[in-house]
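Hello,

Here is the structure I promised to pass on. Please open it first, then read my notes below.

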Amino acid sequence: MNACIRAVVRTALVNKLRVYGIMRGYQGMIEDDFKPLTSRSVSNIIQRGGTILKAARSADFMTPQGMEKAYKNLKSHQIDGIVAIGGDGTFKGAAAFCSQYPDIRFMGIPGTIDNDLTGTDYTLGFDTAVNTVIESVDKIRDTAASHDRCFLIEVMGRDSGCIALWSGLAGGAEEILLPEKMTDFDALVRQLEEGKSTNKTSSIIIVAEGEKNGGATEVATKLKERLVHYDTKVTVLGHVQRGGSPTAFDRILAAKFGVWAVEELLRGNQGQMVGIRKGEKHLTPFGQASRDQEPLDLELLRINRILAT
Ligand code: F6P
């Protein structure tokens, strides 16, 4: 997000606009928490995770009173364009606000590690999260291999299996368990036993946190009942996946999204999310830029099945 904030600020300044950072998103908009930003305000942040503007959920923003306060504060700073970085909650808020106050123009930028928004092949943070996961998987693999163990590694993704799928394939996992697909325990046990019979001594199973049995701990409990001779361990990676220095891919994506969003505002566009499709800029109206509509790339799962033998 910081690399993207930098891109937005500098593109706007190059185009002779005045720029404010709004602290803690919509909540800061309601509480009049605005900071004038210069080119130097965004120096040395390209490599930092998180966001210098901080983030917050704002229930108040979805009320007419909250929106009115936010509108008055924006007007008092003479702000007429907003670039909002976030997921579908951010865009739902933006869409509701725009329909009430159309003189404030919004462009959205997809920022979520879950990579689950319609209208873009990639969201900001996804590539960094996947790389963080595989760094850990590689390390866990050392113990798994040395001690002949089966590791269940839980990754983020309450509703989306995208991180699990990509990190599972990139990390050489035996199996990938997803929120979008009910886990077939018979097939899983069969696969692990087959692996043993072909001299596989260790296994890595990547489990998305939203897996329907309740995640890695619950899956491990069930597996242990059926695979008594297997030494099974669980690692929950948690919020390490949401921090750290962004990958080159994410920084370049951030640069493109930031520049494109400001340029679209200058062209008079609004109410849309800037995304990337097949390497090209792609605009999606807020109403369609929602979660859960993008089917998972099941080809990745098929390829992993072949390679996990
Ligand atoms: O951004 C979405 C997500 O990464 C989910 O996959 C995860 O469940 C959630 O965030 C956790 O967020 P929080 O810590 O804010 O509850």
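How do the residues of the shell around the ligand divide into nonpolar, polar and charged? Two are nonpolar, three are polar and five are charged. (Ala, Val, Leu, Ile, Met, Phe, Trp, Tyr, Cys and Pro count as nonpolar; Asp, Glu, Lys and Arg as charged; the others, Gly among them, as polar.)

First, the ground rules. This is a predicted model, where local features need pLDDT of at least 70 and side-chain atom pairs pLDDT 80 or more, while totals for chains, interfaces and linings use all residues. Residues are numbered from 1 along each chain as its sequence is written, and side-chain values use heavy atoms, leaving out hydrogens and water.

Now the ligand. Its surroundings include Arg57, Asp114, Glu209, His239 and Arg242 (a residue is near if one of its heavy atoms lies within 4 Å). A polar side-chain atom of Arg57 sits 3.4 Å from a ligand oxygen. For Arg242 the distance to a ligand oxygen is 2.7 Å. A side-chain N or O atom of Glu209 lies 2.6 Å from an oxygen atom of the ligand. (A polar contact here is a pair of N or O atoms within 3.5 Å.)

Next, the helices (DSSP runs of H or I, at least four residues, numbered from the N terminus). Helix H5 (residues 126-147) and helix H6 (residues 162-170) cross at roughly 50 degrees, and their axes come within 9 Å. (Axes are lines fitted to C-alpha atoms over the stretch in contact; angles run from 0 to 180 degrees between N-to-C directions.) That makes H5 oblique to H6. (Under 35 degrees counts as roughly parallel, over 145 as roughly antiparallel, 65 to 115 as roughly perpendicular, and the rest as oblique.)

Best wishes

Terms used. A polar contact is a pair of N or O atoms within 3.5 Å; within protein, one must be able to donate a hydrogen and the other to accept it, and residues adjacent in sequence count only if both atoms are side-chain atoms. Helices (H or I, at least four residues) and strands (E, at least two) are DSSP runs, numbered from the N terminus.
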